[in-house]
Structure formats: C-alpha cells, structure tokens
Amino acid sequence: MHPQPTLRPSLQRLPLVKPTANLAGTLASIAVAMFLAGESHAATASLTPSNAPPPVVGSVAISNIFNAYYSPAHGSDFGVGSNVGSGGTGGGSDGTYTYIADDKAVVGQTFTTGTNAAGYKVLAVTLRAVAYGSTFSWVPSVNYAIRITKPGTNGNNAVNGTNTLTVLAYETAEVGVDWANCSSCNVPSIGDGAGKGAGCGRYITFTLNTPVAALPNTLYGFDIGLNTQTNNTASRHTFYWETDGRGYLPQTGFPAVDLYTNGAAYISGPWNATKGSEQGGHGDNTITNIQGDRCFVVSLNPATVVSPPSFTTQIRAGGNVVTNVPQSGTFYAGETARLFARVAGDTNLVYQWRLNGTNISDGAKFSGTSTATLSVSNVNTGDNGGSFTLVVTNLGGAITSAPPATLTVVAAPAAGTYAYTVFNSHPIAYWRLNDNVNPSTNPPTFDYVGGGVGVWETNALQAAGPRPSAFPGFEANNVGTQSRTNASVLDHSWTTLSPLNLDTNTVTFAAWIFPNGAPGVQNGQYSGFFFTRAGSTECGMEVGDSGTTPSGVGQLAYTWNDGEIRSWPSGFTIPANQWSFIGLVINRTNATVYFGTGGGALASAVNTAWHDVENWSGPWTLGFDPRWAGAPQYVFNGVVDEVAAWNRSLTFNEMTNLYAAAFISSQNTNQPPVITCSSNKTVECGSVWGFDPPSASGGCCSTNSITVTGTITNGSVGAQTITRTWQATDCCSNTASCSQTVTVVDTTPPVITCASNKTVQCGSVWSFDAPSANDTCSGTNVTIIVTGTITNGSVGAQTITRTWQATDSNSNSASCSQTVTVVDTTPPVITCASNKTVQCGSVWSFDAPSASDSCSGTNVTVTVTGTTTNATGCTQTITRTWQATDPSNNTNTCSQTVTVASPNCAPAQITVVSFTGTTFTMSFPSLSCVIYDCQSVTNLTATSWTTFQTVTGTGNPITVQDTLATPAQRFYRVSCRCH
C-alpha cells in the first residue's frame, strides 16, 4: 500500500451538505447579482457523471485515454507505478506527483500539436480522477487554476530534469459541489476527514474562457493547481484529489510503457510544505518531467475555426448551473446600477449594450457600454423599467442576452435613519427584508444597492425587526426574516440571497439578530446567522461550538478561509430574546468581530490570522448554515434583519456610527422629506434635452408631491446655465427643495461651405467665389475671414488656393478652401509682314514676324519652320513660314511670300559683228535674269537653228564667238527666254 498524505485537522470540515431536492430546485432559481468583482478570465469546470466518457469539446483531441482501463490500488495487483511516477518517496507513489493538493506541486502534462499548418487553438483540458479504493476523496468545492504552458526546449524529453517553462495563459475555475450520482460520487466519502474513500474515476473538464493559440508540431503543456500566485505560509484552501496516470498497462507484464510518446507528465512549483517560506498548490516557472503520462484530453480547434461567443456558466451548490447573463435588479435612487455578463469565445469580442432595444454609448449616464460590465449612474425614476440586453459579436457569430434585464428604481432611505446611514456608507449589498410578501409563495427579496435578487424560502416567516421606541432609527413597520427549529418547519425556514461575487479579503458584514430563546441548536452550537458554502467559499457568522479552544458554545463566531478558520469564538455571549448588532470586518492579516446589544457600547474582538480572498460566488442563507447533508440541522431559531456587505474594511468609527444610528432618529412630523435631484449636466446647444425629474422620500408620511417652483436662465446662447428648482411637499406640509442645472454649451463649430474648385483660362478675368456659413446656435451670425492664399506652379499651370475661416459667437471655428486652377490653352499671336514683289536680281530678304501671348507677353519663341520656292513662267514665288511657341507649348504660325519678277524678254540687237580667220565674234546688249541662246544656220530656209552658246544676261553687252571648222556661209541670231 502506498503511503498517503496526512490530513490536517482543517480537513475535517470537508464533507458538505447534500441539499434536498426542494433546496436544489430553489437554489437553481436564485438570480445572479448584477455586479462583478471577479477574475477577468474565468474558465468553466464541469464534471462527468460516474463512468461517463470524457466530453468532446473541440474538433481535434490530443489524448492518452485509449480505453476504459481503471488504475488499481497502489501497491496491489500491479505494484508501484500504476499512477504517474513510481517508486518510493519523491518518485510519485507518495502522492507527490499524483495529487492535486495545497501542499503539493501542481500537476501537468506536456503534449505536441499536430500538423495543421495554420496552427490550433487550445479550448479545454480534461483530467480523470483515480478509480481505485483507499484514496483521498475528490473535493470539488475549490477555486482551481488552469495554466497553458510552453516548456523550455531542453525539457522536451528529460526525465526528472528541471527546466523552465513559460506560462501562456492563466485562468480560474470554481467548482461547486456536484451531488449527482451520489451512489458513486466521492464528495461525502471522506467521512470526518480521518479516513479515505474510493476514487470515482470521473472526469473534470476545464473549458477556457479565451482559447490559446498554438503552433503546429510544437510542444506545449497544461497544469492544474490552486487559484493563487502568492507564496505565503498562512492559511491555504485545503483540498486533495488524485489524478489518474499511467506508467504501464497491465498486459505488458508491468514494465514501464510510454503510452503517449509526444509528451510527458510533469510538476511545477513548490510541493514540500516545509520548503523555505513556500507552500504548494501553485505553479512557478520550473518544470520537472515525471515518468509516465496522465490520463488527459486536450481539446483543440484548427486556428481557422472561430469559436463564436457564448455566455459562460457557473456550478452552484447542489450542482446547479447558472448562466452568466445580465440579471434584473432593483436599486435605490441615486445608486449606480451595474449589469454584467461573462462571455467566452475567441478574442476580439465586441460588446454592445442596448436599452429598450436601442444601442447606447458612454456618457454622463452610461459607462462600459462596449465592455462586459455596464454602469448606470445615479439611477432615478426616469430609469425605472429600463430593459437592458447585451449583444456580443465576433467573426464566429453573435449572441444576445435573454431575457432582458429590467432595472427597477425605488426611493432611497430617509435621512436620519439607520438605513440611510448604511446607504450613505456605500455598501455593495443591503438586504432590508422589508418586502411586503407571503414567504410561503417563495417570492423574491431585493438588495436595493447591488441589485441582487434573493428568495424567501417556503417555511420562512416575516417577523418584526428592530423598531421604535427601543430603536428609533428604524421604521415602525420594520421586518426581518425568521427561521425556526420546530421540526415540522425546520426545512426551508430561512431566506436565500444571491451571490456577492466578492473575490477579496477586505470585506465587512453587518446585521441584526434576535434569538428566540437559546441562540443555537444541539446544546447551543452551530446556528448560522448568514452563511455560504457554495462554490469554493465556506464563510459566514454563526453561533460557536465546542470544537474550538476555548469553547465557543453560545458565542458569536465566524468562519473564513474556506473553513480553515472555523467558528472562531469572539468571547461575546449572545443574549436570548433581544436584538443585537453583529459585524465582521476582514483584512488580510486579521479580522474584527463587532457586537453590540441593549444600547451599550460597541465591543470588538480581533483574530490575528491571515485571511484569504473569498469568492463568495454562490448563494448564501440568512438563519441557516448548510453544513451537513440530509435534513438541515444548523438553523437559527430567531430573526435576522438589515444585512449589509461592503467590499472594503470599515473602521471602528464607521461601525460605531452604524450601531449608533439605530438609537438616534431625526424623523418626526417636522422632518421634511428628502428630495433628490439628478446631477447637473452639460448639453450641446441645439441638441434635444430635458430636465430629469427628481425623486422624493421620507417626511412625515410616505406620500410626497413634487412641483416645479422656478426655472432661471443665465448667460447667452452657447454659454447658458438653466436651473430648474423642484419642491417636495409631504402630507404635513413640510417641504424640501433641490435643483438641477443644465449648462448649455456650444462646442460645435459652424458649418462653412466653399464653392467647388474651378479652372479658368490664363489671361481671363476671374475671382474666388465667396463661401457660405451657418451655425446650429448662432444661425448666420458667423464671421468669415480669409486666412490665406497660396499659389503653386508657374504661369499657365498654376493652382491658387484661398482658405476662409468661419467663427461663431462662441469662438468655435471651421475652415474650407477653394482652389482655382489657371491653365493656358490659347496659342500666341504671330504676325508676319505682307507679301511683296521684288525684281529679279535685286537684293531682298524676308521680313521678320512679330509675336506675343496673352499669358507670356513677348516671352514667345519664334522659329522658321520652312521655305518653299515655286515658279510660274518667268516669275518665282518664295514663301517662308514662322512658328511662335509660348511657355505652355501652345503654337501658332504665319507666312510671307516674296514674288521675284523677271524682265520681259525682247529680241536682242546684235551691235558688233566681226570675222577673223575661222572665228566669228558678235556682241549684243543683255538684260539681267534673261537667258540668251546664240544660234546659227547655214541656210535661212532651215527649220531649226543650232545653238552654239547659251549665256545669261548681265545687264551689260555680251560678246560671244563661234569657231568654224571650215569657212562657210552662216546666218546668226540671238534668242531670249526667261531665267
């Protein structure tokens, strides 16, 4: 037989009450409080029925649960090593590596993801409790921590090697007592803590609030431990249960077999309670690999699968499940109402709160409209009946909370009363129990501060609470809840309240109690005044018992640290048949119990012990401590009233003031009513707004009329204050007034509209177009000025921008601009000289043209593009063309034509004739630009003449010669033609 962990005395409180079917049904109907002060990332834990297979959470599962193999008892059948680790102290068989416990290291398992290229998202982790007998029982009433880790690379295959790991995610999961299948469940099997019960073999699944991204083909890990990351040696939540693991299979003949080769079991964090200043139950950044594997399932989805949002659930006492959707609540006027939900799903959740089906946004009234928690400040009658829903969206889909949460507003307590003193100290919950109901019908009871909704149990009674004249701070009709120890009405004679969701160890409680006879049962022991044993919390105030030293029988006592501080006796004996004030103030390092009775001084007693954070996430009962299963035994025979809770530690003076307020009253027929106006507010000029009606309470009767006594306006448009005053009048004609001031401001700039941009031609006459402006407050009383004109570009390709500013009478301003683009698409003007005629042979030239441009002036380039010569008869025409180009490359051309005229051709008169030897010489006058053909024939009857020489006239006589080979008779002539 393997050695087992030694139970500490505090474990004797582990067995819890199994509720009757009636109680379980009642608890299932309790609404969740509307405020939230808990872990931002809370996983969901669920337990399978006995022998049921592990649940399927994602589409991908990594597991070593290959069959229904049940581990045998340690040391029997198959020897040591049937669980994770093997052999002797430190090897695992003593529970070092197998137990999830507050004095052990956290237990974990590495695993390797698959081949999906896009990676995965880790959704859930499932572990299995052992199934053999003689083990410490599972204690599910614990707030667990689930971590997703990344081991260091050197630790992948090491056995008993210590390496570092990185924590990728840390979530918590509170597990309520699961009473299903109790023929095989192991919650009550531990007896009084001295024995061990049989393991159940059931699976516990931790579903993460936010999936964790994981790469493909990569080693990761998970581990389970206690929800704490502090290393103090003071109180710890005590719990034990043994995880199933495998170092071998029976059919292998008992040698070790690695069933899951892609990972290994490991531990992390301190496990020895005497190791320095540390104590176990929580992990650190170390990893020690252990031989074998745990029975586990890691549920994943491919990274491409988006998990749609869903409202999370919580396990309540009795195994009831509550969905964390916004709940209806009733609040005192002037309080801040908070509505919350817890939503799980992939990251990038988008939250949107709606009021009466319409989206709302943050402002003076609402905050947190795009978060999981909505705050409605300074609630008043105008907020009464508002219907709130929350829509949560991501890429996977959307959900809308249902049914809608309805906000109800009631008048705040009257000044000068005990209730007002409590209200004015800003508790998180205040149960007055003044509901005008018949408890036998299980009607609701309301916390008008926190919005919680409780229930009157079937056999509860309404009885007189503290009242005048002994307690003038209370109303004459003040009532509380009465529980009874009569056997016929014992069951369900208490009142059940909704969860506080404290999650803190700076807490204050206050209440009034009236024992009908001896305050306790069973010889004056164990009567709960207010108590919770839901989720992982075991706390409350009660009558003490004989199990403490010194004996606390008949004394005012309290329980904290999940029962490790159990029925701590204050030394204050509770008197029978009279009202007493009780209080409990919790700090980390101490707790103070307050007790006052009979109008005497308020007494206190201090317990200097460490006090853990308590979640208080389940219901709690007034007049009952749900300690044992079966018929209720620890019912208070008396009345509990005026129960209040604070999420801070009240001072001695504050507690004294509360107590004293019960004996002081300023209420009488001359006491005016209390009228409460809404806070002053600021609105934008031009918006639709109205004054918020006030509420009134108190006075000499419960009926008050409210009238408007005046409205005063100061200031000018955009800087106005408008104050309205109301007066409340009670039935004794006492009056009280209050005012609300609305400041009308103008922070909205005017609207200025400029004309559209335009394009104009360079050189044309143009101007900017004046803008128009208008203001919501000032109308057209807006000043418009030019703030600047900017020119860019060069001539012909310019943009000129002018900016105007409009300013209203409250100095709000806005600007606009118009841009004019100046373009040049017009060609320049080029002017050529007139055409002209010149005499052939005279000296002449073309005349240069002139050019100009409407944009560029004379900055025009003129070039010759061509010269063309043509002849007609003896006359030539010569034409030259010029091109003018402006800087914008626009062009234009012109031409000049010169006509070159030749003289008339006339017969030439031969003036000199001579003949010497064989050479004939003749001369004749010539004209310029004329061609002369000198010809001869031997016979005048010849039809064609022979040209022996062609000469061009020079304007002077020309002499030509004809050399004859042989002398002969010849006739000569000179014929002219044009050049």
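**View 1. Salt bridge between D625 and R533.** In this predicted model, the side chains of D625 and R533 come together in a salt bridge, with 2.7 Å between N and O. D625 belongs to the loop between strand 43 (620–622) and strand 44 (638–646), while R533 belongs to the loop between strand 36 (527–532) and strand 37 (539–543), so the pair ties together parts that are 92 residues apart in sequence. D625 has a relative accessibility of 0% and therefore counts as buried, the limit for that class being under 20%. R533, with a relative accessible area of 7%, is buried as well.

View 2. A salt bridge joins the side chains of E475 and R432, at a distance of 2.6 Å from N to O. Because E475 lies in the loop between strand 32 (461–464) and strand 33 (479–483), and R432 in the loop between strand 29 (429–431) and strand 30 (444–446), this pair ties together parts that are 43 residues apart in sequence. As for accessibility, E475 counts as partly exposed at 27%, whereas R432 counts as buried at 8%. R432 and E475 are also linked with E642 in a network of salt bridges.

**View 3. Salt bridge between K758 and D769.** In the salt bridge that K758 forms with D769, the closest N and O atoms are 3.4 Å apart. K758 is found in strand 52 (residues 758–761) and D769 in the loop between strand 52 and strand 53 (772–774), so the parts tied together by this pair are 11 residues apart in sequence. K758 is partly exposed, its relative accessible area being 24%, and D769, with a relative accessible area of 30%, is likewise partly exposed. In the model as a whole, the count of salt bridges comes to 13.

View 4. Three strands, in the order 66-65-68, form an open sheet with antiparallel pairing. Strand 66 (946–952) and strand 68 (971–978) stand at the edges and each has a single partner strand, so one side of each is left without a neighbour in the sheet. From one strand to the next, the twist averages 25 degrees. Between strand 65 (residues 930–937) and strand 68, the antiparallel pairing runs over 8 bridges; within strand 68, Y972 is the bridge partner of S936.

View 5. T389 has its place in strand 26, which covers residues 386–394. Its relative accessibility is 12%, and T389 therefore counts as buried. When residues up to four places away in sequence are not counted, T389 touches Q352, W353 and R354, together with T400, S401 and P404.

**View 6. P673 and T735 across the chain.** P673 is located in strand 45, which is made up of residues 673–676. With a relative accessible area of 3%, P673 is buried. Although P673 and T735 are 62 residues apart along the chain, a distance of 6.5 Å separates their C-alpha atoms.

How values were computed. Residues are numbered from 1 along each chain as its sequence is written. This is a predicted model: local features need pLDDT of at least 70, side-chain atom pairs count only at pLDDT 80 or more; totals for chains, interfaces and linings use all residues. Side-chain values use heavy atoms; hydrogens and water are left out. Helices (H or I, at least four residues) and strands (E, at least two) are DSSP runs, numbered from the N terminus. Buried means under 20% relative accessible area, exposed over 50%, partly exposed in between (1.4 Å probe, protein chains only). Contact means heavy atoms within 4.5 Å. Two strands pair if DSSP finds at least two bridges between them. Axes are lines fitted to C-alpha atoms, for helices over the stretch in contact, and angles run from 0 to 180 degrees between N-to-C directions. A salt bridge is a side-chain nitrogen of Lys or Arg within 4 Å of a carboxyl oxygen of Asp or Glu.
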